[in-house]
Amino acid sequence: MFRLSEYMRQIVEPRPVRRHKGPVKPVVIWNLTRRCNLRCRHCYTVSADVDFPGELTHEQAMDVLEDLGGFGIPALILSGGEPLARRDLFTIAERARQLKVHLALSTNGTAIIGETADRVADIGFDYVGISIDGIGKTNDWFRGQVGAFDQALAGVRACRKRGIKVGLRFTLTEDNADQLPDLLALAEDEGVDKFYLSHLVYAGRGDKNRGGDASWARSRAAMDLLISRAWKAADEGRPLDIVTGNNDADAVYFLQWAQKRFTNQQIDHLRAHLEAWGGNSAGVGVANIDPQGNVHPDTYWSDYTIGSVKERRFSELWTGDDPMLAALRLRPRPLKGRCGACAYKAVCGGNTRIRALQVTGDPWAEDPACYMSDEEIGVESGDRVTVTPFRGKSSDPIHRFV
């Protein structure tokens with residue numbers, strides 16, 4: 001996750017660079033269930049409103065939670081599917097709250113009403129992220145259900161009414177990029193705390209619909225708008241927090257924006273902060289546990305499993321000798337192509353490895369969604385990996401819902 005507003009504020013109010021001492025403990029994104037009332041076009045878990053076999057029992061989930069607390073993870077994000085579809089969600093959340101980790105809920109927002117909204121408030125989630133992918137019918141089309149936009153917006157308002165910190169989550173594609181200004185206006189009108197733009201990742205339905213990924217020009221235009229809004233907010237001391245995810249080239253684009261406007265001293269300070277962050281954090285500062293208890297380097301690496309919490313503790317799996325984790329933790333990573341030659345790989349960390357894997361079959365190839373030109377990143381011009389529409393056949397048992 002690239003915290004655009006945070007780094008923008010470093011220009012206005014510089015603060016010392018924070019560096020990690022010792023191994024990084026990961027933020028854990030825990031997909032509690034694959035059940036979901038929606039059928040989103042970019043869903044990386046290929047969820048649907050059916051029961052899926054093999055999901056962690058309540059007892060297994062509580063054991064996992066105790067291990068996560070003892071391991072000292074800094075934050076836990078409860079996700080799905082739709083996490084509110086899991087019957088014991090609030091029991092899990094209550095215990096997580098007692099363990100004093102930063103606790104977030106990632107939801108489509110449609111169920112945050114009435115008593116459910118009250119429970120979310122009573123537990124004291126530090127943050128609730130609600131996904132909205134366009135205004136009105138556009139969102140409903142993306143999410144496969146008429147009325148989903150109105151229901152999600154009602155969830156946003158229910159959180160605001162109860163004093164819950166809430167943000168909008170938006171996945172950028174060719175089909176909804178033109179609505180980004182309206183969504184930013186919605187965020188400001190509704191008084192939300194955070195706006196999160198996610199670039200499309202080629203996993204689950206997101207892979208099957210990768211032909212609709214935003215073009216490089218669309219991605220750059222989106223960043224221009226976000227940077228403009230973030231600068232205005234930082235300059236005026238306004239609280240809206242803008243972040244992006246799943247395309248760490250955003251940090252390079254922002255750095256080059258800043259280089260045109262600020263002093264060398266300011267840029268050196270900014271770059272030091274960005275390199276301390278290091279870009280893509282899969283397998284380092286981010287981990288994933290899926291509904292069946294399988295552990296992955298992040299939420300999009302569903303085809304690569306480090307192990308299962310049904311057999312070994314998460315803390316043991318994460319600190320073990322898994323070869324992919326070891327490679328992801330190298331700095332620099334063993335990158336190839338444009339990513340390997342890039343002058344900014346210390347900033348972006350090689351971007352999103354799963355896109356490279358899905359398109360080329362090689363996790364260390366260049367990320368095809370990097371929208372920076374060869375000249376901008378200091379590499380020789382040449383042929384680039386391009387994204388072709390998904391041509392395979394789904395082996396998923398619920399492909400009829402896709």
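Author: The following account takes the sheet as a whole and then turns to one end of it. This is a predicted model, in which local features need pLDDT of at least 70 and side-chain atom pairs count only at pLDDT 80 or more, while totals for chains, interfaces and linings use all residues. Residues are numbered from 1 along each chain as its sequence is written, and side-chain values use heavy atoms, with hydrogens and water left out.

Helices (H or I, at least four residues) and strands (E, at least two) are DSSP runs, numbered from the N terminus; two strands pair if DSSP finds at least two bridges between them. Strands of a sheet pair through backbone hydrogen bonds, either parallel or antiparallel.

Here, 10 strands make up an open sheet with mixed pairing, and their order is β7-β6-β5-β4-β3-β2-β1-β8-β9-β10.

The pairing of β8 with β9 is antiparallel, over two bridges, and places Asn-288 opposite His-296. These two strands, β8 and β9, form a hairpin with four residues between them, and in the turn Gly-293 has a positive phi of about 95 degrees. Strand β9 (residues 294-296) also pairs with β10 in the antiparallel sense, again over two bridges, with Val-295 opposite Gly-307.
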